[in-house]
Amino acid sequence: MSKICYKDVILKEKEQLRLRRKKLHIEHGTPEQENWFGIALSGGGIRSATINLGILKTFNKFGIVQQADYLSTVSG
């Protein structure tokens with residue numbers, strides 16, 4: 001069984017992000033200085049879920065969700 005190195009996982013992840021961006025015609029930064037973009041939403045039950053849904057719908061309306069490289073949520 002081969003050992004998986006942390007650096008190899010990160011390199012593969014960046015490669016997949018670049019492919020996704022290329023398919024969507026999205027550019028963030030330059031090849032020398034890439035800018036990764038993520039959306040993080042906090043939890044707390046139904047109230048936070050409702051607010052987070054509104055935020056995501058608004059972000060989607062302006063094309064922001066599609067440009068995000070990462071989406072992280074907790075609970076709600």
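Is Glu-15 buried, exposed or partly exposed? Glu-15 is partly exposed, with a relative accessible area of 39%; buried means under 20% relative accessible area, exposed over 50%, and partly exposed in between (1.4 Å probe, protein chains only). This is a predicted model, in which local features need pLDDT of at least 70, side-chain atom pairs count only at pLDDT 80 or more, and totals for chains, interfaces and linings use all residues. Residues are numbered from 1 along each chain as its sequence is written, and side-chain values use heavy atoms, leaving out hydrogens and water.

**Overall architecture**

- The protein chain has 3 helices and 2 strands; these are DSSP runs numbered from the N terminus, helices being H or I with at least four residues and strands being E with at least two.
- Read from the N terminus, the order of the elements is α-β-α-α-β.
- The radius of gyration of the protein chain is 16 Å, whereas a compact globule of 76 residues would have one near 11 Å. The radius is taken over C-alpha atoms, and the globule rule is 2.2 Å times the number of residues to the power 0.38.
- Along the principal axes, the C-alpha atoms fill a box of roughly 45 × 35 × 20 Å.
- Of the 76 residues, 14% count as buried.
- Among contacts between residues at least 6 apart in sequence, 68% join residues at least 24 apart; contact means heavy atoms within 4.5 Å.

**Salt bridges**

- The structure holds 3 salt bridges, each defined as a side-chain nitrogen of Lys or Arg within 4 Å of a carboxyl oxygen of Asp or Glu.
- Glu-15 pairs with Lys-12 at 3.6 Å, N to O. Both residues lie in helix α1 (residues 6-24), 3 residues apart, which is about one turn of the helix.
- An α-helix has 3.6 residues a turn, so residues three or four places apart point the same way.
- Arg-18 and Glu-34 form a salt bridge through their side chains at 2.7 Å, N to O. Because Arg-18 lies in helix α1 and Glu-34 in the loop between α1 and β1 (38-41), this pair ties together parts that are 16 residues apart in sequence.
- Arg-18 is partly exposed, with 38% relative accessibility.
- In the salt bridge between Arg-21 and Asp-69, the closest N and O atoms are 2.6 Å apart. This pair links distant parts of the chain, 48 residues apart: Arg-21 is in helix α1, and Asp-69 is in the loop between α3 (64-67) and β2 (70-73).
- Both Arg-21 and Asp-69 are buried.

- Helix α2 (residues 46-61) has 16 residues and reaches 22 Å from its first C-alpha to its last, close to the 22 Å expected at 1.5 Å a residue. The expected span is 1.5 Å times one less than the number of residues.
- Gly-63, which follows α2, has a positive phi near 75 degrees.
- Asn-52 lies in helix α2 and is buried, with a relative accessible area of 10%.
- The side chain of Asn-52 reaches the backbone oxygen of Ser-42 at 2.9 Å.
- Not counting residues up to four places away in sequence, Asn-52 touches Leu-41 and Ser-42.

**Gln-66 in helix α3**

- Gln-66 belongs to helix α3 and is partly exposed at 40% relative accessibility.
- Leaving aside neighbours within four places in sequence, Gln-66 is in contact with Arg-20, Leu-24 and Ile-26.
- Gln-66 and Leu-24 are 42 residues apart in sequence and 8.4 Å apart in space, C-alpha to C-alpha.

How values were computed:
A polar contact is a pair of N or O atoms within 3.5 Å; within protein, one must be able to donate a hydrogen and the other to accept it, and residues adjacent in sequence count only if both atoms are side-chain atoms.
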